[in-house]
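Open the structure in your viewer and keep the selection panel at hand. The stops below say what to select and what is there.

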Amino acid sequence: MPEPALPADEPSRLAALRELALLDTPREPAYDALVATAAAATGCAIATFSLIDAERQWVKAAHGITLAEVPRPHSLCARAILGTAPLVIDDTGTEGLRFYAGVPLVLDGQGLGTLAVMDRAPRTLDAAQHAALLGLARLGCELLRSRRRLRALHEERVRLHDLARASGDWMWELDEALRYRWISGQFEPVTGLPSESLLGQAIADAPLLDAQGQPLQPPATLLELLRRGEPFSRTVTAKHTPRGRLLVSRSALPIVDTDGRLRGWRGTARDVTAQIDARSSATRHDELLRKLSSQIPGMIFQFVSHADGRRSFPYISRGVEEVFGVPAAQVIAHPDHAFEIVHADDRARVLAGIERSGRELSRWHDVYRCTLADGRLRWIETHASPERLPDGATLWHAFSADVTEREQTAHALRRIEARWQMAARATGLGLMELDLAGRRLQFDERACAHHGLPHPQPARTIDDWAAAIAPEDRERTVAALRRAIAGGGPLHARARMRRPDGGAYTLEFVGNTLLDTHGAHGGMVITCRDVTEQAETERLRQDKENAERANRAKSEFLSRMSHELRTPLNAILGFAQLMALDRRAPLAPDQQGRIDKVVQAGTHLLALINDVLDLARIEHQRDASALVLEPVDAGAALAHCLALVAPLAETAGIHLPAPRAGAAAHWVRAERRALEQVLVNLLSNAIKYNRPGGAVHVDIVRIDGHVRIAVRDEGAGLTAQQQARLFQHFERLGAEASGVPGSGLGLVITRELVQAMGAALQVRSAPGSGSTFSVVLAASEPAPDTGIDGDAPAHTEPEPLPAEASSTPRCVLYIEDEPLNALLMHEVFRLRPAWSLHVATSGHDGLARAAALHPDLVLVDMNLPDLGGAEVVRRLREAPATRTLRCIALSADAMAPQIAAAREAGFEDYWTKPIDVREVLAGLQRVFG
């Protein structure tokens with residue numbers, strides 16, 4: 001590809017580019033987002049945001065490609081900036097990059113770079129994509145324009161800050177009564193008076209003085225001047241302070257409101273005592289300065305850059321002859337000669353540095369070459385501090401010294417370092433040298449590359465180096481370095497690093513201390529090696545192990561949760577069933593109905609426990625198949641749930657809607673138990689968070705292929721902020737202080753179940769208007785008629801007990817450590833007088849009694865205090881006397897892996913708690929044959 005021609009205004013374009021100060025800066029989210037959007041908008045695989053300097057295309061941001069810069073002769077973008085229209089190449093004919101479209105980034109008529117999209121196959125852009133690319137390029141130009149404005153504002157702020165700090169002035173403000181309202185912090189160091197001591201006090205009057213400290217003629221005072229309400233500057237008065245009599249120069253502007261009324265003053269003040277006193281002793285001081293400067297190995301001088309562009313040297317010591325090889329008088333007479341002897345390759349930099357120092361009033365320091373009259377090349381180092389003079393000129397106080405010998409030594413050291421780097425490159429290691437005295441690190445070329453830094457790189461402090469270490473590794477790595485420094489021992493550490501461009505990598509550091517000529521620890525030589533791939537392999541292995549541990553912990557948690565919830569339910573449901581089945585002491589009809597409600601509620605709670613476990617699996621595994629969807633009559637489910645929450649509503653004094661006889665069925669696609677849990681949660685909340693004596697309203701309608709079930713309360717309602725926090729875990733929106741019971745998980749579980757069924761949960765609420773929660777489910781065809789009413793009856797006669805197969809005596813050993821569970825089983829066995837039950841409360845006790853009794857059946861709890869159920873059955877199978885015993889696990893552990901593990905351990909069956917009395921009796925009769 002031919003090298004692109006240079007634009008006609010190349011110098012001004014490069015100046016505009018330098019003004020942005022964007023080249024070689026780190027990645028920024030705005031530019032990254034811009035190229036990602038450009039790639040997405042055009043459908044291209046690659047997008048770049050680039051700037052074109054004199055020699056290269058530098059990439060500020062790239063999407064779909066890793067690219068830092070491209071030589072300008074090989075850059076398509078360098079061709080694109082030659083015009084103002086987009087450069088589009090539908091097929092470049094080059095392997096790897098077939099399509100290119102670049103829009104020039106034009107700022108104030110200067111093409112600075114491009115926003116370009118590329119693809120690896122030929123293609124074209126349609127009109128919409130072309131317009132999108134142009135729009136994004138305009139946005140890129142605005143980013144550049146904003147950066148330029150921000151940079152200018154920053155420079156202005158720094159300039160003003162430096163001016164105030166360098167001037168030594170203090171600022172002050174008066175109110176309209178001429179009382180001090182504010183005094184800056186420089187006041188006390190100058191006067192010795194705390195600024196707070198003057199706040200609220202009127203400014204002291206004093207006669208106005210002239211430049212020599214004498215009263216003006218005709219006489220005038222500071223108060224008279226202030227009362228005129230006109231701006232003034234450099235007005236001198238005397239001020240008596242704890243540090244003596246000071247001569248103070250004031251400048252001020254009146255503060256005027258929109259109606260033109262004087263509201264106070266703002267001004268600056270400066271101690272000019274020394275300046276006025278200095279005029280009387282200037283000659284004496286100048287002579288002393290000349291004597292002192294003659295003893296300095298170098299030259300001191302003052303240099304002035306005047307407002308009209310002239311240069312002058314008000315003072316220059318005789319050392320100029322030693323440094324520059326010319327007499328002082330010649331430099332004073334011909335100021336420009338001092339710049340003409342600066343080496344041509346360094347002159348532009350020196351002049352730019354002086355200009356910047358004068359503009360920013362910042363210290364100037366540079367090391368540059370000069371060609372003396374005799375042809376010798378000398379290295380000169382200059383330090384200078386500027387100050388602004390009253391006439392607008394800038395005065396530098398400077399010192400220059402000949403550092404040729406030092407620079408030659410440094411050049412020789414660089415040659416040695418080059419040979420050192422060659423050896424290090426051959427080993428594939430980067431080298432870092434630590435100077436313990438200065439606590440600074442010097443990197444070779446490969447070490448710079450490892451750290452993502454340009455080479456050569458100025459020495460970095462240990463803190464700078466540590467800042468690039470990932471926070472999680474920083475403290476450990478720095479501690480290892482400190483131990484090596486303190487003990488003079490070896491260093492071996494590995495740390496994850498962050499390059500300036502945002503890249504992450506892992507380095508391994510190995511080092512040893514160096515001894516100086518006195519045998520003391522003077523530094524360290526440290527090698528660094530990129531072990532990113534190795535560390536990533538180790539990390540993946542560790543992540544795999546962590547994930548496996550997390551899965552095991554999750555399974556253990558779910559198992560424990562199931563066990564702890566089912567254990568108390570075992571007693572509740574078991575004893576309630578026994579009371580309902582007791583024919584020797586039958587219950588009164590009212591009591592029988594209450595027991596039925598206990599059984600019904602307990603059974604529902606058990607179903608909810610199963611649902612919670614299913615929900616946990618959904619949250620952790622994102623396995624929506626945990627719920628099996630089928631046609632469900634939403635109206636029947638709602639009626640059933642209203643019956644379940646009726647006792648809660650009665651206790652709270654809340655009115656529930658009456659059941660509607662003959663209401664039409666509303667078939668939806670759902671999981672019955674999940675839908676009932678959702679409705680119970682919503683109805684319970686509507687009861688708990690209602691107003692006293694309020695009502696719950698329910699509505700069920702079919703809309704556009706969906707069925708909406710709405711539950712509305714008459715409570716306080718929710719603000720928009722409360723609704724935003726509604727579905728956060730354990731969030732109760734302040735209800736925890738109201739005494740209303742709850743855990744803050746009900747709505748979270750409700751939403752998860754609704755989403756798992758492919759439905760939607762909607763909330764409509766406003767303060768003072770109550771809240772409406774609606775579940776919107778997909779409508780479904782009716783389920784096949786099975787002849788079974790899907791609505792749970794309010795009360796049914798208990799089913800008869802299974803008939804006894806025979807009256808043959810049977811012996812059952814129950815190994816159970818929970819007394820309540822053992823008592824329940826004793827009550828069950830009272831229904832079969834021919835059978836005897838023996839209880840062992842531990843695994844060891846159960847093994848002994850099994851050997852002694854040789855029972856017809858052994859029921860074993862899986863969580864015994866000494867031996868697990870699996871270990872008990874294993875030992876029973878190992879012992880000849882008990883090897884053939886029938887063993888059934890009876891446990892509150894209901895997880896499928898636990899059941900499978902128990903069967904594999906040797907159990908013939910696995911019964912879960914809570915028990916169903918009829919099923920237990922039927923199961924025992926099946927076992928006994």
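A disulfide is a pair of cysteine sulfur atoms within 2.5 Å. By that rule, the structure holds zero disulfides. The model is a predicted one, in which local features need pLDDT of at least 70 and side-chain atom pairs count only at pLDDT 80 or more, while totals for chains, interfaces and linings use all residues. Residues are numbered from 1 along each chain as its sequence is written, and side-chain values use heavy atoms, with hydrogens and water left out.

Select C528 and C448. C528 is in no disulfide, and its nearest cysteine sulfur, that of C448, lies 9.1 Å away. C528 has 0% relative accessibility and is therefore buried (under 20% relative accessible area; exposed is over 50%, partly exposed in between; 1.4 Å probe, protein chains only).

Next, select α20 (672–688). Helices (H or I, at least four residues) and strands (E, at least two) are DSSP runs, numbered from the N terminus. A nonpolar core is a set of buried Ala, Val, Leu, Ile, Met, Phe, Trp, Tyr and Cys residues joined through side-chain atoms within 4.5 Å. The largest such core has 41 residues, and V668, L675, L682, L683, V696, I709 and L777 touch the most other members. Nine residues of this core, the largest share, come from α20. Elements that each supply at least two include β25 (667–670) and β29 (771–778).

Another core, of 29 residues, lies apart from it; A16, V103, L133 and A137 are among its members.

Finish at K913, in the loop between β34 (909–912) and α27 (917–928). K913 is buried because its relative accessible area is 2%.
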